[in-house]
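Let's take a friendly walk through a protein model. Have a look at the picture first, and then we will follow a few of its features together.

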Amino acid sequence: LTLLADDGCGNVSEPFVSTYTFIDDTAPVFDLACQIDVVFTTEDGNVCPADATISLNEGDVITVNDSWTVGGVPILPLSGCVDDNCTADDDLNITVDDITVVDDGTCSRTITVTFLADDGCDNVSEPFAWNYTFIDDTGPAFRNNGIPDMGTYVVECDLPSGTWDPLIETADLTITDNCSDIDFAAITVELTQLYDGPCVNNLLTRWQQVWVVPDVCGNETTYTLFTEIIDTTPPAFTSVPADLAIEC
């Protein structure tokens, strides 16, 4: 602003200049209510912790309208989570300042991503972090010739065989885990005889076996199998004596 002073007699002062400078020195602010600490579990169909990655990279610059994925899960944009006094939200530059991955073996993984907002006037927000944790909470899976949990295995009695063992052993089971190793040393099995004759409707004996199998992440699966030993084979002569004629 340039001012001149006039005394009414035709005398005018030298120009007098006043300068007013308006500066934006206020940084954008993230809404802390938007900060999240999300847990994704394998029981809900998410990936194993060791397979969880984030589609962002350190140094990426995004807008409040850009989305990304973590462990294949779409994440909503930052729209509505950051505000600036002078710059429109859509014009803010959001920088991925840091990505940290913390693993607990194969059992869990936490991915922390930290954002900074820049209003284009060299004003940078305080760091804003989101945490995504992936957990293996799924126990091992069993297979035994297609017999489901609480199913019944029926086997024909074969006592004459010297190697006949009608009960299923742990080694006979197919045990798998979705993400981690199986703690074979901690497997327990409880055997209970539920019936021991007499033979009724071909049923000789009935057994119950209950396996409890943990993985190294502490997830347990219980598998119960009933074994029925039946006898449907009639007796058979092993030899027939020759005909004998006897004189009366």
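A polar contact is a pair of N or O atoms within 3.5 Å; within protein, one of the two must be able to donate a hydrogen and the other to accept it. Keep in mind that this model is predicted.

The side chain of Thr 221 reaches the backbone oxygen of Pro 140 at 2.7 Å. Is Thr 221 buried or exposed? Buried means under 20% relative accessible area, and Thr 221 has 18%, so it counts as buried. Leaving aside neighbours within four places in sequence, Thr 221 is in contact with several residues, including Phe 142 and Trp 211.

Thr 221 sits in strand 17. Strand 17 (residues 220-230) pairs with strand 13 in the parallel sense, over 6 bridges.

Now for the nonpolar cores.

| Core | Size | Residues, among them |
|---|---|---|
| Largest nonpolar core | 27 residues | Leu 56, Trp 68, Tyr 132 |
| Another core, apart from it | 11 residues | Ile 168, Leu 173, Ile 182 |

Leaving aside neighbours within four places in sequence, Tyr 132 is in contact with residues including Trp 68, Ile 75 and Val 113.

Methods:
Residues numbered from 1 in each chain as written. Predicted model: local features only at pLDDT ≥ 70, side-chain atom pairs only at ≥ 80, totals over all residues. Heavy atoms only, no water. Core = buried A, V, L, I, M, F, W, Y, C linked by side-chain atoms within 4.5 Å. Buried < 20%, exposed > 50% of the residue type's maximum accessible area, 1.4 Å probe, protein only. Contact = heavy atoms within 4.5 Å. Pairing = 2+ DSSP bridges. Helix = DSSP H or I, 4+ residues; strand = E, 2+ residues; numbered from the N terminus.
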